[in-house]
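Reader: I am new to this structure and would like to know what stands behind the words used for it. Could you show it to me and take me through them?

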Amino acid sequence: MSSPLEGYARKKDYLVCIDSDGCAIDSMDIKHIRCFGPCMVDEWNLKPYRSELLKRWNEINLYSLTRGINRFKGLAVILKEIHEKIAPVRDLDSLLSWVEETDELSNAAIFRAAEERDSECLRKALRWSEAVNCSIRELPPEAIRPFPGVKEAIRTLHETCDIAVVSSANPEAVAEEWSRFGLLEYTDAVLAQNAGTKTNCIKALLESGYDRDKVLMIGDALGDMEAADRNDVLYYPILARHEKESWEGILEGVEHLKSGTYEGEYQQKLKTRFIENLS
């Protein structure tokens with residue numbers, strides 16, 4: 001299997017990494033509310049608890065500091081709560097250990113793990129993930145679009161920066177959405193769920209020769225900030241419920257990046273606002 005970065009080469013001095021769902025594309029809320037949560041309730045036959053579990057799923061995945069958590073990690077969190085508070089979840093330990101140990105949180109990886117471990121819970125998690133992908137494909141196209149100002153901002157950024165999508169979402173969905181909205185033409189690499197963690201994706205991109213103080217990660221979730229921090233690169237937050245204003249400010253952020261004034265007071269101000277917005 002070829003690497004998603006095969007043939008990739010640095011073209012410009014600056015690199016901007018951009019998360020997709022909930023950051024560039026206004027797709028996160030609808031996917032979780034209509035697809036992720038309901039498919040979990042169906043796969044584990046939890047219909048008597050549907051209302052409370054869907055509310056809890058959305059709290060975990062949309063409206064707290066765990067916003068944007070990988071789908072399998074989010075699933076592990078809520079199944080653990082269900083196991084402890086509502087009803088036993090058979091073979092749950094297999095899922096809990098896998099999400100902590102694996103370097104690749106994807107359908108292909110969980111399929112391999114399910115076969116190797118002969119795990120009922122991992123097979124159910126895979127069926128759930130496949131059902132989610134199917135449900136997402138059935139969403140009306142007009143319900144998903146970029147946040148206001150995204151295309152204009154990315155087009156301007158691409159004049160002086162390499163652009164990489166760094167997302168934990170399904171790769172086919174990311175490619176389809178970025179293509180449909182005319183964003184791929186301003187993009188140099190697309191790294192999604194199948195490419196590994198966001199931390200590893202940024203690390204792989206850095207191997208193309210970028211200086212770390214010239215690399216910016218744009219994201220809407222704590223995992224995006226942590227991926228940037230682990231690679232010692234800079235972070236620009238897109239604030240949930242304030243996405244339009246956040247994208248309006250990105251060009252100012254890149255000016256700080258290019259002038260060498262991003263790190264320090266400016267970076268800390270952005271991170272503080274980000275944490276407060278999800279707390």
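Author: Gladly! Let us start with a term: a salt bridge is a side-chain nitrogen of Lys or Arg within 4 Å of a carboxyl oxygen of Asp or Glu. The model is predicted, so local features need pLDDT of at least 70 and side-chain atom pairs count only at pLDDT 80 or more, while totals for chains, interfaces and linings use all residues. Residues are numbered from 1 along each chain as its sequence is written, and side-chain values use heavy atoms, with hydrogens and water left out.

Reader: What makes Lys 12 and Asp 162 a salt bridge?

Author: The N to O distance between their side chains is 4.0 Å, and the rule asks for within 4 Å. Lys 12 sits in the segment before strand 1 (14-18) and Asp 162 in strand 4 (residues 161-166), so this pair ties together parts 150 residues apart in sequence. Helices (H or I, at least four residues) and strands (E, at least two) are DSSP runs, numbered from the N terminus. Lys 12 and Asp 162 are both buried, a word for under 20% relative accessible area, with exposed meaning over 50% and partly exposed in between (1.4 Å probe, protein chains only).

Reader: How many salt bridges are there by this rule?

Author: The count is 24. One of them joins Arg 90 and Glu 120, at 3.6 Å from N to O. Arg 90 lies in the loop between helix 3 (71-85) and helix 4 (92-101), and Glu 120 in helix 6 (residues 120-137), so the pair ties together parts 30 residues apart in sequence.

Reader: Why does Arg 90 count as exposed?

Author: Its relative accessibility is 62%, and exposed starts over 50%. Glu 120, with a relative accessible area of 34%, is partly exposed.

Reader: How many disulfides does the structure hold?

Author: It holds 0 disulfides. A disulfide here is a pair of cysteine sulfur atoms within 2.5 Å. For Cys 39, the nearest cysteine sulfur is that of Cys 35, 6.3 Å away. The sulfur of Cys 134 has its closest cysteine sulfur in Cys 39, at 8.1 Å, which is too far for a bond.

Reader: Is Cys 39 buried or exposed?

Author: Cys 39 is buried, at 12% relative accessible area. Cys 134, at 33%, counts as partly exposed.

Reader: What makes strand 6 and strand 7 a pair?

Author: Two strands pair if DSSP finds at least two bridges between them. Strand 6 (residues 215-219) and strand 7 have 4 bridges, in the parallel sense. In strand 7, Pro 237 is the bridge partner of Gly 219. Between the two strands the chain passes through helix 10 (residues 222-230), and this β-α-β crossover is right-handed: with the strands pointing away from the viewer, the path from the first strand over the helix to the second runs clockwise.

Reader: Which way do the residues of strand 7 point?

Author: In strand 7 (residues 234-237), Leu 234 and Tyr 236 point one way, Tyr 235 and Pro 237 the other way, and all are buried.
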